[in-house]
Amino acid sequence: MNGKREGADAPELASFNLEVARKIAADTRAMVIGPYQTGPTRRAGVSVPQRQPEERFAEALSLAHALNLTIAASLRVNLHDIRPASYLGSGKIAEITTIIEAEEISLVIMDCALSPVQQRNLETALKAKVIDRTGLILEIFGQRARTREGVLQVELAHLAYQKSRLVRSWTHLERQRGGFGFLGGPGETQIETDRRLIQERMSRIERDLEAVKRTRALHRAARREVPYPVVALVGYTNAGKSTLFNRLTAADVVAADQLFATLDPTMRQLRLPHGGRVILSDTVGFISDLPTGLISAFRATLEEVVNADIILHVRDMASPDSAMQEADVETVLAELGLTRGQGPRRIEVLNKIDLLSEARREVLLQMDHHDPAVAISALDGHGCGQLLDRIETMLASGYVMRHVRLKPDDGANLTWLYRNADVLARHDDADGMVRLDVRMSPESEARFKARMAPG
Ligand SMILES: Nc1nc2c(ncn2[C@@H]2O[C@H](COP(=O)(O)OP(=O)(O)O)[C@@H](O)[C@H]2O)c(=O)[nH]1
Ligand SMILES: [Mg+2]
C-alpha cells in the first residue's frame, strides 16, 4: 500500500520536457482560478500590502492567454484560509467541478503556489490537470525561449522546481509513516533516484551554460539574421503588449515572404507610414512577484530585447500600480545592461488612455517622460498612427555614411549590407575587393561592427 501512495507522490521525471511544454495546444480548454486571501499577508515577518485582487487576477488571465489556451472559464475565490490538503475547501471544489464538467475543461490554472500534495489532490478531485503559478510561468518561458541559453536556463529552472517538489513529497512521506521514513522502501528509492537524476541533469545543464556563456561573443556575431530593424515590446504583463502587437500588424498582412515563414508567431513584419519596414517583437512581459527561482530564466527570454533597435515600453496607465510597474521594468532593463542611454533607444507608450478622463490624459502628456512618449489605446487604435510615425522618425534620425571594403569571398556580409543598409555606390576592384558607400542607421552600424569583429 505504501508503494502505491509513493508512486503517486513522486512526480515522474519524464513529465518535464520542453517539447511537451511547447505542445500545449490552442484547443486546450482551460480554467483560471484566482484563489486570493483577503487582507495584508506577512512575508518574511513583514506585513506587506497585497496587490489588488482584480489586478492579480487580470495578470493571471493575461499570462494564461500568453500560452494560447482557450480560456473557457475563470473564477476568483476569496479565501479565508488555505486547506493544507487541497488548498480550496470542499464546497468550492464541488462548484469548480460542475464548471469543469459543463465546459469540458482539461487544464486548471491556480494562481497561487501549490504543494505537490495539494496539486495531486486537486487533480484527483477535479479530474483535470492542475498547474500552479510557477508551473504556468515555466510553461510560458518554455514556449518563448529562443536562444540556446534561454532554453537551458528555462530547463534549469524547471528542474529546480521539480527537485524542490520531490523534497517536499519526501517530507510528506515521512509524515505519512509516522516518522519511520528513514527505514527506507521502494518509494524512497524511487525519489532518491529521481533526485539524483535531476541533480545530474542540472549539473550537465550548468556546464553547458558555462560553455554557452564563454562563447557568447561568437553567438552575438552569429545572432539571428533579420533583414529589418527590430522593435521590441516590453512592459508588464497585462499592459497591452499583445493587443498592440496584433493591432499594429493586423492591418499589414502582406503575403509572407519565405523569410518570415520561419519567424515565430511573436515576431511579425510591420510596414511604417512611409514604407519602411520593421520586425515587431512581442515579449513575455514582466511578471509581478516572479518566483525567485525563475529570474535567470526570465532574463534569458529577454535576450531579443537586448538586440533590438528600438524598445517600446508599454505602460498600463489605468492601473493603480502603474508607477511601481515602471520602476520594476527600469530595474530589469538596467540589469540587462540597458540603462537609459545605453543600448536600444526607447519610446514610452502610455496605453489604455480610453479608460482615462480627458483631464487625466492632458496631465499625462504634460508630465516629464524620460523618453519620447505617445499616448495610445491599443484597444480602439487611438494614437497608434502617431506611434508608427515616432518609430519611423527615430529610425531615420542619425543615419551614418560609411565606406566599406569587403574581401572577394565575403558574400555573406555583402548580402547583409544590401539588406540592412542603403548601398549608394559599389566598385569592384580588379583584385576582387568590393568597395561600397553605404548609409545605415546607428543600430545597423553597431550590428555590422559586431559581425566584422574578430572571433
Ligand atoms: N481598455 C483598454 N484595454 C486594453 C487596452 N490594451 C489592452 N487592453 C486589455 O488589457 C488586457 C491585457 O492585454 P494584453 O495585450 O494581453 O497585455 P500583455 O500581457 O501586455 O500582452 C486585455 O484584456 C486587453 O483587452 C487599451 O488600450 N484599453
Ligand atoms: Mg502578451
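What is the mean pLDDT of the protein, and what share of its residues reach 70 or more? The mean is 80, and 80% of residues reach 70 or more; pLDDT is the predictor's confidence in each residue, from 0 to 100. This is a predicted model, in which local features need pLDDT of at least 70, side-chain atom pairs count only at pLDDT 80 or more, and totals for chains, interfaces and linings use all residues. Residues are numbered from 1 along each chain as its sequence is written, while chains are lettered from A and ligands numbered from 1 in the order in which they are written.

Start with the ends. Select residues 1-22: pLDDT is below 50 there, and the stretch has 39 contacts beyond near neighbours in sequence (contact: C-beta atoms, placed from the backbone, within 7 Å). Residues 219-223 also stay under 50, with 5 contacts beyond four places in sequence. Where pLDDT is low, the predicted coordinates should not be read in detail.

Next, the sheet. Four strands form an open, parallel sheet in the order 4-1-5-6 (strands are DSSP runs of E, at least two residues, and helices of H or I, at least four, numbered from the N terminus; two strands pair if DSSP finds at least two bridges between them). Strand 4 (70-79) and strand 6 (129-131) are at the edges, each with a single partner strand, so one side of each lacks a neighbour in the sheet.

Select residues 29-37, which are strand 1; 9 bridges join strand 1 to strand 4. Tyr 36 stands opposite Asn 78 in strand 4.

Finally, show helix 5 (residues 116-126), which lies across strand 5 (107-110) and strand 6. Helix 5 runs at about 145° to strand 6 (axes are lines fitted to C-alpha atoms, for helices over the stretch in contact; angles run from 0 to 180 degrees between N-to-C directions).

Technical notes
Contact = placed C-beta atoms within 7 Å.
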